[in-house]
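Hello,

Here is the structure I promised to pass on.

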Amino acid sequence: MAAITITNVSKTYPGAAAPSISDINLTIQDGEFIVLVGPSGCGKSTLLRMVAGLEEITVGEVKIGDRVVNNVDPADRDIAMVFQNYALYPHMSVRENMAYGLKNRKTPKAEIEARVAEAARMLELGPYLDRKPRALSGGQRQRVAMGRAVVRQPAAFLFDEPLSNLDAKLRVSMRGEIRRLQKRLATTSLYVTHDQLEAMTLADRLVVLNAGRIEQVGAPLEIYHRPATTFVASFIGAPAMNLLDAEVDGSRLRIGSHVIDARRNMAGQGAITLGIRAEDLHPSATGLPFKVDFVEELGAQRLVHGLIDGQALVLILDPHLPLQDELRLSVNSDKLHLFDILSGRRLEHPQTAANGIPVPA
Amino acid sequence: MNRIRPLDHLILILGTLFMVMPVVVAIMTSTHTAVEIHTGGLQILPGNDGYDTYQTVLTRQGGFTGQVTGARMVMNSLILGLGFAIGKIVLSMAAAYALVYFRFRFATLMFWVIFTTLLLPLEVRIMPSYQVMSQLGLLNSYTGLILPLLASATGTFYFRQFFKSIPDELLEAARIDGAGPVKFFIDVILPLSKTMMAAIFIIMFVYGWNQYLWPMLMTTDERFFTLMRGIKQILQVWVGSQIPDYNEAFALAVLALLPPVLVVVVFQRWFIKGLTESDK
């Protein structure tokens, strides 16, 4: 068990002009489940691999517990990693796969056996212990890979997109298993994924990365409800948050000619980006005119795509309501997210920022 | 399901006969006496002298010094074949392991240098090789026979390609599991390479077994004669009215055939098993 501290870490690949990771600062508490999420190429795997010791750290410092591990061999960092393609040794049985790391560390035989048996019980791998990985299904292989990490009893688990190779249904159940396992073992975990749903459901805290930088760190709901940038707003949540060009004109917020909010202390002035979650838009008698374009039925809800003042918008409607070609929409004014049109940063209304929940940058 | 079609089988049977008949003729002919062969040509039915001929071939002291027997030649050929195959596998695996898994300067350049030696077969460099061995005092020795031919571009190339196909994550997992370079090689690479090793072993054993030119140059001492030379030797004896010992030449040829066939049969099983079992 240990905290992981990442201080001013940057990574530039040899020959690359720009750094792949720049100036990351992150503290992971002991026992915390942190999910690194971002689009492909954002550097999340690189960051994880730097913690694992599989990539060199160009600048900065990574500490596991109280120890700076920049120049420590991966084997001596007291971490265990689960890979996307499982990376099981194909010629070894499940038992040997799990025992290999312990054997190399000269763990006594009896203890290896006990730990493997315990991990097998926990992951329901008992019947498969003597099988080779090729005789297992994808989900079972992934469980073996997790078992290999668990038997080591490391200070931290590192997961590199462990569920990406599984089919959708299995992914959901494995997600639950990972969460349960981590809760039970209370081992510090760093988990990389590009799937925002996976990130939301697993994380104690989310780290949203974009182009090698941290966009936002926070609890899943905090990030969902108060995205710090337009990038986070469009990345977290499905369907993505609607981002519209709007204008603040004195104390009024307008889309085209339609005023949707008016208050004394309006954040920003002039052109801004307005974010509205699809579920925060409701049909009403008066309000924004909305022209329905097409509909996606999801069963429990209905995604309606359409246009407001020529700008594309999605909203979630109750499937029981009859569909019309034109709707009028209203939105609660505290469900509006305002972003700077250039930097994409969130703008807070002065008064809400003062007495609202403190927001980490 | 496919129906069994007679035409397919006819073609298969014809093909098999085409490949097998020469071997059958050689075996059958070797069981006749030299006189019968000289007068009657190649034989397709078994004769009565098979046992005697093979016994003579294996045990008769022949050559100028009268020291070399067929058994001795079989042994020499085996030493050469096994030495080649094992030596080449060890050496090319080590080279490929270094090329693929260790980052050092000029690794790619080195690979291409090794690769271009494919363009220089033994025959091209046979004189310098001979001179080096001669100056090292290794003429007439097994070391001298085997050592200069051990470096194998083919083997290195095959193993390099194979190692490259092993997912990087396996190496990373092993690193996290605390396996150093040697342990990783022994615990992971070696077991995974079994099929490759079997394939290379077949090729290299047959290559070593069939060497003719190099042993002929390297060894003047008849104790180091290989089967290939023995066959030639028998047919060269054409003194006066003596009929060449065709039967013995055929017997030796059949003997020369057996070990490679055995190697192929044994290792092919291993090879195919490996191919069908792995899923990557």
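This is a predicted model: local features need pLDDT of at least 70, side-chain atom pairs count only at pLDDT 80 or more; totals for chains, interfaces and linings use all residues.

**Where chain B meets chain A**

The side chains of B:E172 and A:R49 form a salt bridge at 2.7 Å, N to O (a side-chain nitrogen of Lys or Arg within 4 Å of a carboxyl oxygen of Asp or Glu).

Residues are numbered from 1 along each chain as its sequence is written, chains are lettered from A and ligands numbered from 1 in the order written, and side-chain values use heavy atoms, leaving out hydrogens and water.

In terms of contact (heavy atoms within 4.5 Å), 18 residues of chain B touch 24 residues of chain A. About 1,900 Å² is buried between the two chains, with carbon and sulfur atoms giving 55%; this is accessible area, 1.4 Å probe, lost on being put together and summed over both parts. On the chain B side, B:R175, B:I176 and B:D177 lose the most area, together 35% of what that side buries.

As for the fold, chain B has 14 helices and zero strands (DSSP runs: H or I of at least four residues for helices, E of at least two for strands). Its C-alpha atoms fill a box of roughly 75 × 65 × 30 Å along the principal axes.

Best wishes
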